[in-house]
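Q: Please take a close look at one part of this structure, for a reader who has not seen it before. Then set that part beside some others and the chain as a whole.

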Amino acid sequence: MESSSKTVDFLQGKTILVTGVTGFLGKLFIEKILRVQCNIKKLYLLIRADDSITCSKRLHHEVLGKDVFNTLRDKMGKTLNSIIAEKVVAVSGDISSENLGIEDYELREEMWKEIEIIVNVAATTNFDERYDISFGINTLGALNILNFAKKCLHTKILLHVSTAFVGDLREEILMEKPFYMGQTLSKTNKLDIDMEKKVIENKLNDLRQQRTSEEEIKKAMKDLGIERGRLYGWSNTYVFTKAMGEMLLDQFKDENMSLVIIRPTMILSTYKEPFPGWIEGLKTMDSVLVSYGKGRITCFLGSDDSISDVIPADMVVNAMMVAMKAHETELSKSTIYHVGSSSRNILKLGTCHDYAYRYFSQNPFKDKKSGKSIKLKKAILLSTTTDFSNYISAHYKLPLKALRLVNAIFCQKFKDAYKDLDFKIKVIMQLVELYKPFLLVKTIFDDTNTENLRMMAKESNSMNMEDFKFDPTDIDWEDYFINIHFPGLMKHVVSKKR
């Protein structure tokens, strides 16, 4: 395969370790590498598994067997199988463990001798994940990958994917600044990561000594994560543990290695590559929009002027690859890149709502019971938590109480109506509780470093930016949502859940 740019040439003959490959962004990154530069030397893919057989099965079923690789399969045919067999190595391990949980000593030694680039995409992105799990993957995982990189003889670049939402969303403009050890958003309590580890261990020990059920332990550890995060100013366990991961990377980084931190905003479906509209799972915004399309949401917390900072997934991947090339010779330099849209091509929540209304009115969901198309009305956006609470009480909770009384009098004659309204209330409240910190945001994510990266790439003869575009000004949001994102969401996520 002919390489079309120096960015691709840079990868030729390289040995790369990638974590998080079973995730949405990880798959896209692997697909892009194999599509644009099949002449890599070796691609080590860390996959959580108990043994090599399970690891290989996960690689083929959960990664290479997915639709995102269809373009590559059509283009390369049987050659792709040969390349995978020769160059792709599935490594059984766990990022939350020392030495990444790689128990095969000979394989570990081989990796330490060969790896030149490490890309860490591994993360648990659940906002309310168990604290012990999120801390293990997002916080200690970052340190474990750094320690592993330090043992590699030839590793010059460690690229770590974080999230732009680690920052303080109360600020008007969030800069591309690092987190320093102990820093908090609350600015009142000093954060001690070692102490957080002990808090987790002590809580688990207490719960087990009390012979608490696994379900109760799960809930308790979820609550603990939210509680600890909010103590220090973060809204949920995900962003809290990702922030701590960044602190550890900054504190213990190697001066002989370039540390690149990519902070994407809300990642949505692909804009162009490998084909438009590919996505896995319901992302942050999509959970709300699909629930609205299904008629489960008629009101929501938010403002028309709130900023919805989203970015297509393939642009994030392109930014990662260009950053890798740019830092090839800039050893010891640590740089953070915000990859989003609010600085260059702002998108408002009210506009997203309009797009969803138009699309789901023209392409309506069907009611499961009647089979009829669900007719939508514009949702009511309430810009304060007080207004939202009052509206829910008047339009949902009072009618629910009335239905409960009527059902008691008329022998549950209206029980279906009661269940439907009760379900709608639960959906709305769960989504609001989970995403409340992001619904009234008017923060702009500064992307000066990212814009400099784009400019450098455009001005340099060493990169063909046609293959690696990540400029949000290229996006027509109306066209993207109506003709790419919503159709992709329906095809690749919603239809597969039915």
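**A loop residue and its setting**

A: Asparagine 99 counts as buried because its relative accessibility is 16%; buried means under 20% relative accessible area, exposed over 50%, and partly exposed in between, with a 1.4 Å probe and protein chains only. This is a predicted model, in which local features need pLDDT of at least 70 and side-chain atom pairs count only at pLDDT 80 or more, while totals for chains, interfaces and linings use all residues. Residues are numbered from 1 along each chain as its sequence is written, and side-chain values use heavy atoms, leaving out hydrogens and water.

Asparagine 99 sits in the loop between β3 (88–93) and α6 (105–114). Helices (H or I, at least four residues) and strands (E, at least two) are DSSP runs, numbered from the N terminus. Asparagine 99 is not a glycine, yet its phi is positive, at about 55°.

Arginine 211 also has a positive phi of about 55° without being a glycine. Its place is the loop between α8 (193–209) and α9 (214–231). Arginine 211 counts as exposed because its relative accessibility is 77%.

A further loop, between β8 (266–268) and α11, holds proline 274. The peptide bond that joins glutamate 273 to proline 274 is cis, with omega about -10°.

Helix α11 (284–293) is one of the elements against which the buried residues of α15 pack; the others are β9 (299–301), α13 (349–362) and α14 (385–409). Buried in α15 are Leu421, Asp422, Ile425, Val427, Ile428, Leu431, Val432, Tyr435, Phe438 and Leu439. An α-helix has 3.6 residues a turn, so residues three or four places apart point the same way. Helix α15 covers residues 415–439 and has a kink of about 50° at glutamate 433, shortly before proline 437. The bend at a residue is the angle between axes fitted to the seven residues ending there and the seven starting there.

Alanine 402 is in helix α14. With 40% relative accessibility, alanine 402 counts as partly exposed. Its C-alpha atom is 55 Å from that of isoleucine 30, which is 372 residues away along the chain.

Valine 494 belongs to helix α17 (residues 477–497). It counts as buried, at 6% relative accessibility. Leaving aside residues up to four places away in sequence, valine 494 touches Val290, Phe365 and Leu489; a contact means heavy atoms within 4.5 Å. Valine 494 and leucine 282 are 212 residues apart along the chain, and 8.5 Å separates their C-alpha atoms.

Now the whole chain. It has 17 helices and 13 strands, and 55% of its 498 residues are buried. Among contacts with a separation of 6 or more, 82% are between residues 24 or more positions apart.

The C-alpha trace spans about 75 × 55 × 45 Å along its principal axes.

The protein chain exposes about 22,700 Å², of which carbon and sulfur atoms supply 49%. These areas come from the Shrake-Rupley method with a 1.4 Å probe, and for residues only the protein chains shown count as cover.
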